[in-house]
Amino acid sequence: MAESKVRKAAVPAVKAAAKPWKPESRLAMVRRARKINRVLAETYPYAHPELDFENPFELLVATVLSAQTTDLRVNQTTPALFAKYPTPEDMAMAVPEEMEEIIRPTGFFRAKTKSLIGLSVALRDRFGGEVPGRLADLVTLPGVGRKTANVVLGNAFGVPGITVDTHFGRLVRRWKWTEQEEPEKVEEEIAAIFPKSEWTMLSHRVIFHGRRVCHSRRPACGACPVAPLCPSYGEGETDPEKARKLLKYEMGGQPGQRLKPPSDYPGRPAPTLGAG
């Protein structure tokens, strides 16, 4: 389903996006940005957080672990972690060396272990063992910054937020929605373009697109559904057939990042650790 939409968009995208990009007014940019969001919503109606979790605590822990690694590697690691430490109280009492061995595949395992034990202690001692549902409280936890807090708020509590990760920042600058580099400034400028109700799903759609199509080094421009709306068209492969070979995850016929994806996900679940 998703791939067919990309195929339909590829040919007109090449023709429409080949023209030099002209400066535009603020109003024109906002209209273009909102149209891109609508196209992404049609392309990725199943967009979702790509970390496996069953409750706010699991999402918080998984998001902390996701720093400097892939969501896939986190998802392959957390089953054993949550089996041993299912609650903040359990994790607060963890032996650091034992936790380090479990989360070693995610990288930076010593620093992450310190953060996870620290935030678990804080949850136990200051929040009654529950993950707080306020940004001001979440950012007081060890290892939890604004990006992590927005992920948890948007996906565990239904509080709208914009998640500015490397993919999101790269794409919004390519689309000339902002020139900012600092994540908080990017968040502020993008928040002014879209209704608050769109923030969480916008984040998922943009990140999905960055992982599947608009890659950092070689974007698949010729297979991009938003190419006619993109000022940076041509930075990557423009030939539709060659571009389609660059598509990743379900767009390229490969497994996704979640071992337990949502029921409407059109691709295959990711393999368990050591299975491929």
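**Cavities and cores in close-up**

**View 1. The largest cavity has a volume of about 100 Å³.** The model is predicted: local features need pLDDT of at least 70, side-chain atom pairs count only at pLDDT 80 or more, and totals for chains, interfaces and linings use all residues. Residues are numbered from 1 along each chain as its sequence is written, and side-chain values use heavy atoms, without hydrogens and water. Cys 214, Pro 219, Cys 221, Cys 224 and Cys 230 are the closest to the cavity centre among 15 lining residues. A cavity is a set of points on a 1 Å grid where a 1.4 Å probe fits but cannot get out; lining residues have an atom within 4 Å of a point. By class, 11 lining residues are nonpolar, two polar and two charged.

**View 2. The second largest cavity has a volume of about 40 Å³.** Its lining includes His 48, Glu 50, Arg 212 and Tyr 265. Two lining residues are nonpolar, three polar and three charged.

**View 3. The largest nonpolar core has 42 residues.** Such a core joins buried Ala, Val, Leu, Ile, Met, Phe, Trp, Tyr and Cys residues through side-chain atoms within 4.5 Å; buried means under 20% relative accessible area with a 1.4 Å probe, protein chains only. Tyr 44, Phe 168 and Trp 175 are among the residues with the most contacts inside this core. Helix H2 (26-43) is one of the elements that give two or more residues to this core. H2 gives the most, with six residues.

**View 4. A second, separate core has 30 residues.** Leu 81, Tyr 85, Met 91 and Leu 141 are among them.

Conventions:
Buried < 20%, exposed > 50% of the residue type's maximum accessible area, 1.4 Å probe, protein only. Helix = DSSP H or I, 4+ residues; strand = E, 2+ residues; numbered from the N terminus. 1 Å grid on protein atoms, 1.4 Å probe; cavity = no way out; pocket = protein on both sides within 12 Å on 5 of 7 lines; lining within 4 Å. Points joined across faces, edges and corners; volume = space filled by probe spheres on them. Nonpolar A, V, L, I, M, F, W, Y, C, P; charged D, E, K, R; others polar.
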